[in-house]
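Here are my notes on this one, in numbered points. Have a look at the model first, then read on.

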Amino acid sequence: EGDDGDRLVGHLQILATVSNAVHFAHKHGILHRDIKPDNVLIGTFGDVYLADWGVACHLGDEDRSLCGTPSFMAPEMALGERMDERTDVYLLGAVLHLILTGVPRHDGPDVAAVLQHAAASPSFDYPDDVPAELADLANRACHVDPSERPAGAKAFRAALTDYLRHRDSAALAAQAERRLGSIRRLA
């Protein structure tokens, strides 16, 4: 959904579907570890696929080798620490960040600088035109402390869908307000 002037709704719907796939993988004991827009495929009929499971691992796997894409990487990935479901939640948050800003969560002049930024994972100050609920979700999902992130992909998806429902309600209220104003002017 959405239009050429406002692609946010469509992007959030796609990200919610990706979150559902990640939740399914977690329920089956799998971490993706490389969630990024390049790994999201949209089919001819609008079906959404999360691709490239090449660096995926089993939950609880002790493989802490550097893997994934540095500009989306969670701190624990950059630091070689233990990963769990909240690692993939971070990656979902990093994709949300890209949707909201048009730039990757981590950037720098070279890979070492990008990895240092990923390890530090500072909070981001979103501009005023970014909806506050989405800015908060992106910062919570990309929190340096995994325990501060949404509990899993299902909770992340719920926050996205709650925003989408709230956005529609706000639009309906604004439309009703405009119509009421028109009626008052006519009266």
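1. Burial first: buried means under 20% relative accessible area, exposed means over 50%, and partly exposed is in between, with a 1.4 Å probe and protein chains only. By that cut-off K36 and D34 are both buried. They also form a salt bridge, with the closest N and O atoms 3.9 Å apart; the term stands for a side-chain nitrogen of Lys or Arg within 4 Å of a carboxyl oxygen of Asp or Glu.

2. Some ground rules. This is a predicted model, where local features need pLDDT of at least 70 and side-chain atom pairs count only at pLDDT 80 or more, while totals for chains, interfaces and linings use all residues. Residues are numbered from 1 along each chain as its sequence is written, and side-chain values use heavy atoms, leaving out hydrogens and water.

3. Salt bridges: the structure holds 6. One of them pairs E76 with R149, the closest N and O atoms being 2.7 Å apart. That pair links distant parts of the chain, 73 residues apart: E76 sits in helix α2 (residues 75-78) and R149 in the loop between α5 (132-141) and α6 (153-186). Helices here are DSSP runs of H or I with at least four residues, strands are runs of E with at least two, and both are numbered from the N terminus. E76 counts as buried because its relative accessible area is 3%, and R149 does so because its value is 5%.

4. D84 and R82 make another salt bridge, with 3.6 Å between the closest N and O atoms. Through shared partners, R82, D84 and R86 are joined into one network. D84 is buried, at 9% relative accessible area, whereas R82 is partly exposed, at 49%.

5. Helix α3 (residues 85-101) has 17 residues, so at 1.5 Å a residue it should span 24 Å; its end C-alpha atoms are 25 Å apart, which agrees. The expected span is 1.5 Å times one less than the number of residues. How many residues of α3 are buried? The count is 12 of 17, so the helix is mostly covered. Among them are T87, D88 and the run of names from V89 to H97, plus L100. G102 follows α3, and its phi is positive, near 85 degrees.

6. On a 1 Å grid over the protein atoms alone, a cavity is a set of points where a 1.4 Å probe fits but cannot get out, and a pocket is an open set with protein on both sides within 12 Å along at least five of seven lines; lining residues have an atom within 4 Å of a point. Grid points are joined across faces, edges and corners, and a volume is the space filled by probe spheres set on the points. The largest pocket has a volume of about 200 Å³, and its lining includes H11, I14, P37 and V95. α1 (8-27), β2 (40-42) and α3 each supply at least two lining residues.

7. C57, D61, R64 and R82 are among the residues that line it.

8. Which disulfides should you look for? The structure holds 0, a disulfide being a pair of cysteine sulfur atoms within 2.5 Å. The sulfur of C57 is 7.0 Å from the closest cysteine sulfur, in C67, so it is too far for a bond.
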